Each structure stands twice: as C-alpha cells, then as structure tokens.
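Colleague: I'd like to learn how to read a metal site and a domain contact. Could you walk me through one?

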Amino acid sequence: MTESLIIAFHGAAGSTTGSRHLLTIDQIPILLDCGLYQGRRKDTWEHNTHFGFDPRAIHTTLLSHAHIDHSGNLPTLVKQGFQGPIHCTAATADLCRVMLLDSAFIQEKDAEWLNKRKRKRGEEPIEPIYTIQDATRSLNRFETLDYHHPHHILRDVKVNFYDAGHILGSASIILDIRRDGGEVRFAFSGDIGRAGLPILRDPEIPHHVDWLVMESTYGAREHDDIAHAEAELLDVIQRVAARGGKIIVPSFSVERTQEIVYYLNALTNRRAIPPIPIYVDSPLSVNVTDIFRLHPECYDEEMRRIVLEGDPFGFHRLSYVKDVEESKRLNNINGPCMIISASGMCEGGRILHHLRNSIAEPRNCILFVGYQAEGTLGRKIVERQPTVNIFGEPHPLRAEVVTLNTMSGHADRHDLLNYARVVREHSPNLKQVFLVHGEPAAQRTLAETLRAELGLDVVIPALRDEFRLL
Ligand SMILES: [Zn+2]
Ligand SMILES: [Zn+2]
C-alpha cells in the first residue's frame with residue numbers, strides 16, 4: 001500500500017514551456033511529460049541538459065501530448081539513461097515520430113550554426129542538445145495506451161488517459177493510487193482544449209480527484225466564440241484578396257494547420273471564398289496531416305461524417321509544399337494568395353522567408369491563429385513593433401496584423417474556471433489545485449478567481465518546488 005506521494009515541478013512552472021513534473025510514489029519516480037524548454041539560447045541549453053533529477057532513476061514516463069513543449073526533451077532523457085516505458089496514446093506516439101525527428105534535426109542544425117561562429121572566435125565547439133540518433137532511441141521506448149483503458153504502472157498505481165480535446169491524441173493523465181482504506185486520485189490536466197474545436201472531441205473532465213495539476217495558459221483571457229472562426233477567416237481572406245495582398249499565416253504544424261485547412265475546405269465546398277491559391281508550406285505539416293488521416297479514433301462525430309464524404313484535408317486550389325525549391329518559388333507569386341507555414345511563433349522554419357518577403361507591404365496581411373509566447377518574433381509582430389529583425393536584419397512592419405482569437409486550442413479563462421468547477425463538484429476530497437503552464441500574471445488572476453469563486457486551495461508552484469501530498 002502506498003504511503004508517500006510527492007510532486008515536484010521541474011518545468012512549465014511560472015512559464016508555458018518545458019512541461020516536466022515528477023510524481024514520486026513511495027520513492028518510485030514517475031515523470032509526467034518531458035518537454036523541451038524553448039526560449040533564449042543560453043537558458044535553453046541549461047534547462048534542457050540539466051533535469052534536476054536523475055533520469056536513470058525514473059520508473060515510467062507518462063506523456064500527455066505530442067507538442068514539443070511536452071514531448072521535446074524525451075531524447076535527452078533517454079540519452080541520459082532513462083530505461084523505462086513512455087506511455088501515451090497511439091496518435092501521440094505517431095505524431096512524436098515525426099516531431100521528435102524534426103526537433104532533433106533543428107538541434108543538429110542549430111549546433112552546426114553556432115559552431116561555425118565559435119570556430120571563427122577560436123572557441124570550443126558544442127554538441128547538439130540531442131541528435132537524430134538520440135531521438136530514434138527515445139521512440140523505441142514508446143508504449144501506447146488507449147483512452148479509458150486503465151493500465152497498472154506499479155502494483156498499486158493505475159494510469160488512465162482521458163481525452164483532453166487539445167490536439168490529436170492529447171490526454172489528461174489520471175493516476176489512481178491504492179492506499180490503506182481505498183484509493184486516491186491524482187489528475188494532471190495536460191493542455192486543456194475547448195469545446196467545439198473542429199476535428200476533436202470536447203475535453204473530458206475527471207471526477208473524484210484528490211489533487212489536480214492544471215494548465216493556466218489563458219487564465220486571464222477569454223477567446224472569441226469558436227463558432228465565429230470560419231466567418232472571421234472568410235472575412236480576412238475576402239478583404240485581403242480584394243486589395244491584391246498575400247495572407248501569411250504562421251501556424252503550428254500540429255492541429256492548427258489541419259484546423260485551418262478544415263475550415264478552408266468547408267468554405268471552398270460552399271464556394272464562399274475567392275478563388276486564390278492556398279499553400280501549406282511546411283514538410284512537417286504535410287507529414288502531420290498524413291498522421292491525422294490515420295487516426296479516426298480521435299475524431300468527433302462531425303469529422304467522422306465529413307471523412308465519409310471526402311478528404312477534409314485536401315481540395316483543389318490547395319497545394320502542399322514539401323520541396324525547398326518549390327517553397328522559394330512561392331516568393332515570386334504576384335497577386336493574392338494564402339501561405340500557411342511554420343513555425344507558429346515565427347522562431348524558425350520557412351515562415352521567416354515569407355515574412356521577410358511580405359512584412360513591409362501594407363496590402364499584405366499576417367494572420368496569427370495561435371498563442372505567441374513572450375520574447376518570440378511572433379509576439380513582437382502581434383505587439384506591432386514598428387521594426388522587427390528577421391535573419392538578423394531590420395524590416396519595417398507595414399503589413400496588416402490580424403489575430404484570430406477564436407482559433408486557440410487552449411481553454412480560456414472561462415473554460416478553465418468551468419473545468420475546475422466540474423472537478424470540485426464531483427470531488428468531495430479535492431485537497432489542492434496546482435497551476436502550471438502559464439505566465440505569472442495569468443496564473444495570479446486565475447488563482448484569485450478559483451479561490452474567490454470556488455473556495456479552492458490553489459498553489460502556484462515555482463520551478464523546482466516540491467510538495468508532499470501523502
Ligand atoms: Zn499543447
Ligand atoms: Zn503546452
């Protein structure tokens with residue numbers, strides 16, 4: 001029977017990046033997520049190579065979803081000696097196959113670039129945080145579990161995945177822990193999605209919870225109604241196409257790109273949008289879209305019906321671009337078009353070329369459809385800084401900047417409050433709620449609301465904070 005339970009926060013504590021939480025059950029450490037810390041280069045090296053715990057001692061890793069800020073440091077974990085299983089859903093495992101290799105490729109390129117500069121200065125070269133080989137080794141540790149199929153990871157501990165409704169395969173991780181006199185339940189929400197998102201089912205909210213670790217990305221903000229997403233997208237396309245401009249969409253390769261394509265497909269079927277060419281210009285997005293086609297078990301009812309009528313991720317006038325030369329040719333297009341490319345926060349990838357080409361022209365539009373973290377180029381554009389640096393050179397920002405707040409894949413303040421309310425109503429033994437995965441101001445606002453409106457005991461852990469639960 002379990003006697004001690006300790007939770008320690010090793011990432012996404014007071015920030016939205018590098019999700020890693022360590023739950024130690026009778027001295028046996030179980031890792032929840034192993035995300036890559038993304039931010040300034042000198043911080044990322046330290047955060048991603050020093051875990052603050054011994055990877056060799058971890059018994060099992062449980063992965064909520066494939067986003068790199070949750071999965072992206074698994075290769076380092078395995079490189080540093082983790083030998084246990086990594087449990088996640090089948091869709092998450094498939095997405096990680098392309099995403100971790102892509103991430104490793106970026107790490108290798110990054111180190112190459114840095115070493116070129118270091119050589120010139122006569123400095124010692126560095127190694128990439130991890131390599132493609134490390135990523136491949138981590139993929140061999142994946143063992144998939146279906147939603148709602150409890151699995152014993154220890155004699156007295158069962159894990160169960162609930163649908164988090166955030167991206168394909170995303171899960172909340174529910175742990176039932178046997179102890180004298182019954183069971184206790186520890187729930188980690190992972191990133192929480194929203195009701196009504198296309199493709200996915202709505203988030204499931206756990207009951208009978210004793211301790212809840214909950215995300216808080218949008219703890220201080222409300223999104224516009226998801227039902228307006230299609231109409232707002234249509235409005236932007238009509239307006240920009242009419243003045244002959246290009247629409248550049250920095251988009252996340254997973255989920256957001258497929259959602260935009262899903263809406264564009266619906267608008268095209270209704271002949272609602274002007275006949276402009278549309279490009280998805282990102283090899284990763286193309287690969288990820290193929291994985292979306294492979295996992296109908298994650299679809300909501302509407303999406304299941306739509307796939308019976310045709311391919312929601314393909315229609316004429318939509319081209320997927322994998323080839324680099326073809327991508328470069330997009331720069332020469334005259335006249336209106338829409339280019340959806342990665343990365344979503346404009347931190348790298350082909351989107352940078354498109355921004356460099358389009359940002360100074362007032363007819364063009366940069367359309368944001370997702371969260372822009374502090375310090376990223378995307379955030380600087382959203383904040384309309386008059387000049388932004390792209391590839392180290394200043395460019396005046398004259399294009400129109402639009403943010404579709406409807407399209408977020410994260411629960412907003414209202415959804416988070418509702419989530420906590422439902423948990424509380426169905427959890428007579430709820431003891432504490434820990435807020436993670438949020439910037440400090442959003443967390444404080446949400447914590448105050450949860451205390452005032454629901455009377456909850458809310459904790460905002462700092463990095464490396466540890467709490468004894470039993
Ligand atoms: Zn996520
Ligand atoms: Zn996240």
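Colleague: What makes the arrangement of the four donor atoms around the zinc ion (ligand 2) irregular?

Modeller: Keep in mind that this model is predicted. Ideal angles at a metal are 109.5 degrees for four tetrahedral donors. Here the angles subtended by the donors run from 86 to 169°, so the arrangement counts as irregular, since tetrahedral would need all of them between 85 and 135 degrees.

Colleague: Which residues coordinate the zinc ion (ligand 2)?

Modeller: Asp-69 (OD), His-70 (NE2), Asp-191 (OD) and His-437 (NE2) do, at 2.1 to 2.3 Å. Along the chain their spacing reads D-H-x120-D-x245-H. That ties distant parts of the chain together: His-70 is in helix H2, while Asp-191 sits 121 residues away in the loop between strand S10 and strand S11.

Colleague: Which residue bridges the zinc ion (ligand 2) and the zinc ion (ligand 1)?

Modeller: Asp-191 does, and the two ions lie 3.3 Å apart.

Colleague: Are His-70 and Asp-191 buried or exposed?

Modeller: Look at relative accessible area, where under 20% means buried. His-70 has 1%, so it is buried, and Asp-191 is buried too, at 2%.

Colleague: Now the domains. How much area is buried between domain 1 and domain 2?

Modeller: About 2,400 Å², with carbon and sulfur atoms giving 63% of it. On the domain 1 side, Leu-168, Pro-198 and Ile-199 lose the most area, together 29% of what that side buries.

Colleague: How many salt bridges cross that interface?

Modeller: The rule finds one.

Technical notes. Residues are numbered from 1 along each chain as its sequence is written. Chains are lettered from A and ligands numbered from 1 in the order in which they are written. This is a predicted model: local features need pLDDT of at least 70, side-chain atom pairs count only at pLDDT 80 or more; totals for chains, interfaces and linings use all residues. Side-chain values use heavy atoms; hydrogens and water are left out. Donors are N, O and S atoms within 2.8 Å of the metal (3.2 Å for Na, K and Ca); water is not among the atoms, so sites may look incomplete. Four donors count as tetrahedral if all angles lie between 85 and 135 degrees; four count as square planar and six as octahedral if opposite donors are over 155 degrees apart and all others between 65 and 115; anything else is irregular. Helices (H or I, at least four residues) and strands (E, at least two) are DSSP runs, numbered from the N terminus. Buried means under 20% relative accessible area, exposed over 50%, partly exposed in between (1.4 Å probe, protein chains only). Buried area is the accessible area (1.4 Å probe) that two parts lose on being put together, summed over both. A salt bridge is a side-chain nitrogen of Lys or Arg within 4 Å of a carboxyl oxygen of Asp or Glu.
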